[in-house]
Amino acid sequence: MKSTGIVRKVDELGRIVIPIEMRRTVGVDNRDPVEMIIDGKNIILRKYAPGCVFCGNPKGIIEYAGKRVCRDCIRGM
């Protein structure tokens with residue numbers, strides 16, 4: 001991880017504003033879902049990419065019968 005030097009306060013409703021420069025860097029647009037992950041004492045935000053129902057891999061996804069399955073899991077079946 002690298003420090004950006006940007007500091008934001010949490011408001012009374014628990015919200016923070018992610019600067020547009022940071023959102024553009026990682027490809028997060030208005031109304032995009034963002035996933036929150038706890039890693040020890042850190043909160044990690046990342047653009048949500050739903051993954052394979054079996055392994056969680058977000059790459060190479062094919063939708064079948066309303067479920068998202070990756071190519072590796074399809075080969076494994």
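**Fold order.** I read the elements along the sequence and got α-β-β-β-β-α. That is 2 helices and 4 strands. The model is predicted, and I keep that in mind throughout.

**Overall spread.** I looked up the radius of gyration next. The chain comes out at 16 Å, well over the 11 Å from the globule rule for 77 residues, so the chain is more spread out than a compact globule. I then took the box along the principal axes: the C-alpha atoms fill roughly 50 × 30 × 25 Å. Buried residues make up 8% of the 77 residues. I also checked contacts between residues at least 6 apart in sequence; 5% of these join residues at least 24 apart. The accessible surface of the chain comes to about 7,000 Å². Carbon and sulfur atoms hold 54% of that surface.

**Nonpolar patch.** Which residues make the nonpolar surface patch? I listed Val10, Ile16, Val34, Met36, Ile38, Ile43 and Leu45, with about 710 Å² for the patch. Two elements give two or more residues to the patch: strand 1 (34-39) and strand 2 (42-47). Strand 1 gives the most, with 3 residues. I picked out Met36, which sits in strand 1. Met36 has 65% relative accessibility and counts as exposed.

**Salt bridges.** I searched the whole structure and found 4 salt bridges.

Asp32 pairs with Lys47, with the closest N and O atoms 3.4 Å apart. Is Asp32 buried, partly exposed or exposed? Asp32 is partly exposed, at 24% relative accessibility. Lys47 is also partly exposed, at 38%.

Glu35 and Arg46 meet through their side chains at 3.1 Å, N to O. Glu35 is partly exposed at 24% relative accessibility. Arg46 is partly exposed at 47%.

Asp72 and Arg75 form another salt bridge, at 2.8 Å from N to O. Both lie in helix 2 (residues 71-76); because they are 3 residues apart there, about one helical turn separates them. Asp72 is partly exposed, with 48% relative accessibility. Arg75 is exposed, with 63%.

**Cysteines.** How many disulfides does the structure hold? I found 0. The cut-off I applied is 2.5 Å between cysteine sulfur atoms. Cys73 is in no disulfide either; the nearest cysteine sulfur to Cys73 is that of Cys70, 3.6 Å away. I checked burial as well. Cys52 is buried, with a relative accessible area of 5%. Cys73 is buried too, at 17%.

**Tyr48.** I placed Tyr48 in the loop between strand 2 and strand 3 (61-64). Tyr48 is partly exposed, with a relative accessible area of 42%. What does Tyr48 contact, leaving aside neighbours within four places in sequence? I noted Pro33, Val34 and Glu35. Among these, Val34 also belongs to the nonpolar patch, and Glu35 is the salt-bridge partner of Arg46. I took one distance from Tyr48: the C-alpha atom of Thr4, 44 residues apart along the chain, is 22 Å away.

**Positive phi.** Most residues other than glycine have a negative phi. I noted two residues with positive values. Arg31 has phi near 75 degrees. Arg31 sits in the loop between helix 1 (20-26) and strand 1. At 85% relative accessibility, Arg31 is exposed. Ala65 has phi near 50 degrees. Where is Ala65 placed? Ala65 is in the loop between strand 3 and strand 4 (67-70). Ala65 is exposed, at 67% relative accessibility.

Technical notes: Residues numbered from 1 in each chain as written. Predicted model: local features only at pLDDT ≥ 70, side-chain atom pairs only at ≥ 80, totals over all residues. Heavy atoms only, no water. Patch = residues over 30% accessible without salt bridge, like charges linked within 9 Å, V, L, I, M, F, W, Y side chains within 5 Å. Areas by Shrake-Rupley, 256 points an atom, 1.4 Å probe, with all protein chains shown as cover. Buried < 20%, exposed > 50% of the residue type's maximum accessible area, 1.4 Å probe, protein only. Rg over C-alpha atoms; globule rule 2.2 N^0.38 Å. Contact = heavy atoms within 4.5 Å.
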